[in-house]
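Dear colleague,

Please find below the structure that I said I would pass on to you. My notes follow it, and I would be glad if you read them with the coordinates open.

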Amino acid sequence: MSNPVEDLARRIIAAQGPISLAALMRLANTALPDSYYQSQQPFGGDGDFVTAPEISQMFGELLAIAAANHWLKMGGPQPIDVAELGPGRGLLMADALRIWQRAAPDFYEKLSVAMIEASPALAKLQAERLTSHSNRVTWQNDLPDRPAPLFLLANEFFDALPIQQFLRTEDGWCERLINWDEARGFHDALGPVIGAQLDQIGDVWEQSPETLDWAVRIGERLAIHGGMALIIDYASRPGETSLRGIRRHQRAAPLEGLGTTDLSAGVDFAALARAAESVGAKAYGPIGQGAYLLELGIEPRHAQLVAGANPAQKRELDTALHRLTDPADMGESFQVLALTGPDDPPPPGFV
Ligand code: SAH
């Protein structure tokens, strides 16, 4: 059994030899109509995984309030660019726009939203969800380019970007490549040694060129016009592999079922922050998602929603609060990094 993604990966490997893990991830996740994010239904109970905005409206609402508060503390500069990287089904932006419209109308009136989404199928879902705001939302491939502060949201985006892995072998560091043969299917191979180091044999070193590329572009923009980027994701650990496959809410072998399994990697927040700081932005955190949401006031927001809820909705809100904040659930494994302009006030939630 194979599929168009695997067929193309095999033809590429046959033509040029083993390929970088990054090249394989790009094929598996986004590059083709049959790639994961273009062909599958990743989100929700009947999909492969559940993300924070899918768990509760409270997540997007709190990030939106944080953005509007940061803007107020900046003195309310206009116009305003809002951007979201990898918006999935569009829930986060829908929750944010609703709250801005209701609770921060000055912010809402002056903003334009850029949705940056690789999958045409998901972009279509996002557009359907945001019809009531359609006059201020566009879909594009890059950050908006205006002299305006930028408010950027990226939840579980960077973990979908391709990584390269380097492995410390007895001979030195080698890039982890992906090969294919009839007997073994897709499997690991090693590139040439790229320099002896003093680390432990078996150590893995990862880097995501696309992540650093985004970090520089977001950082440059913030350095000039200010604003705030909130990046929420799970982190990689130095020395360890963070590559994982997820299918139907379970861990799955990353190299099996390319295009039908979500491939993701932990985010190297230190590298991301360094790249943004190197072009003049300021970085805060990362801190645990649980601590961050508590600092932003998820408990009072929860109490407010519970007050108007029926028993079933109350149970759902309780579960959501727990899942988003409990250290044993998403509270610690997900981390929040804020990037701001160099002259901006500290971002809400990071005091
Ligand atoms: N933020 C959403 C979805 C996270 S899943 C949520 O929290 O629910 C990752 C998202 O990033 C998907 O929408 C996927 O299609 C998109 N994506 C992955 N790689 C991308 C790329 N290189 N450019 C733009 N979008 C990408």
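Predicted model: local features only at pLDDT ≥ 70, side-chain atom pairs only at ≥ 80, totals over all residues.

**Salt bridges along the helices**

Glu 128 is partly exposed, with a relative accessible area of 45%, where buried means under 20% relative accessible area, exposed means over 50%, and partly exposed is anything in between (1.4 Å probe, protein chains only). The side chain of Glu 128 meets that of Lys 124 in a salt bridge, with 3.5 Å from N to O; the term stands for a side-chain nitrogen of Lys or Arg within 4 Å of a carboxyl oxygen of Asp or Glu. Lys 124, for its part, is exposed, at a relative accessible area of 55%. Both residues belong to helix α8 (residues 120–129), where they lie four residues apart, about one turn of the helix; helices here are DSSP runs (H or I, at least four residues), strands are likewise DSSP runs (E, at least two), and both are numbered from the N terminus.

Residues are numbered from 1 along each chain as its sequence is written, and side-chain values use heavy atoms, with hydrogens and water left out.

Side chains of opposite charge can pair when their charged atoms come close. By the rule given above, the count of salt bridges comes to 15. One of them joins Lys 314 to Asp 318, the closest N and O atoms being 2.9 Å apart. Because these two residues are four residues apart in helix α13 (residues 311–325), about one helical turn separates them. Lys 314 is partly exposed at a relative accessible area of 36%, and Asp 318 also counts as partly exposed, at 30% relative accessibility.

**The ligand and its surroundings**

There are 18 residues around the ligand, of which Thr 51, Gly 86, Gly 88, Glu 117 and Asn 155 come nearest; a residue is included if one of its heavy atoms lies within 4 Å of the molecule. The shell divides into 10 nonpolar, five polar and three charged residues, with Ala, Val, Leu, Ile, Met, Phe, Trp, Tyr, Cys and Pro counted as nonpolar, Asp, Glu, Lys and Arg as charged, and the others, Gly among them, as polar.

A polar backbone atom of Ala 118 is 3.1 Å from a nitrogen atom of the ligand. The protein covers 93% of the 570 Å² of accessible area that the ligand has on its own, as computed by the Shrake-Rupley method with a 1.4 Å probe.

**Backbone details worth a look**

The peptide bond from Gln 78 to Pro 79 is cis, with omega near -10°, and Pro 79 is found in the loop between α5 and β2 (80–85). Another cis peptide bond joins Gly 285 and Pro 286, with omega about 5°; Pro 286 has its place in strand β14 (residues 282–288).

Arg 248, although not a glycine, has a positive phi of about 50°, and it sits in the loop between β11 (244–247) and β12 (250–252). His 249, in the loop between β11 and β12, has a positive phi of about 70° and is not a glycine either. His 249 counts as partly exposed, at 39% relative accessibility.

Key. Polar contact = N/O pair within 3.5 Å; in protein donor to acceptor, adjacent residues only side chain to side chain.
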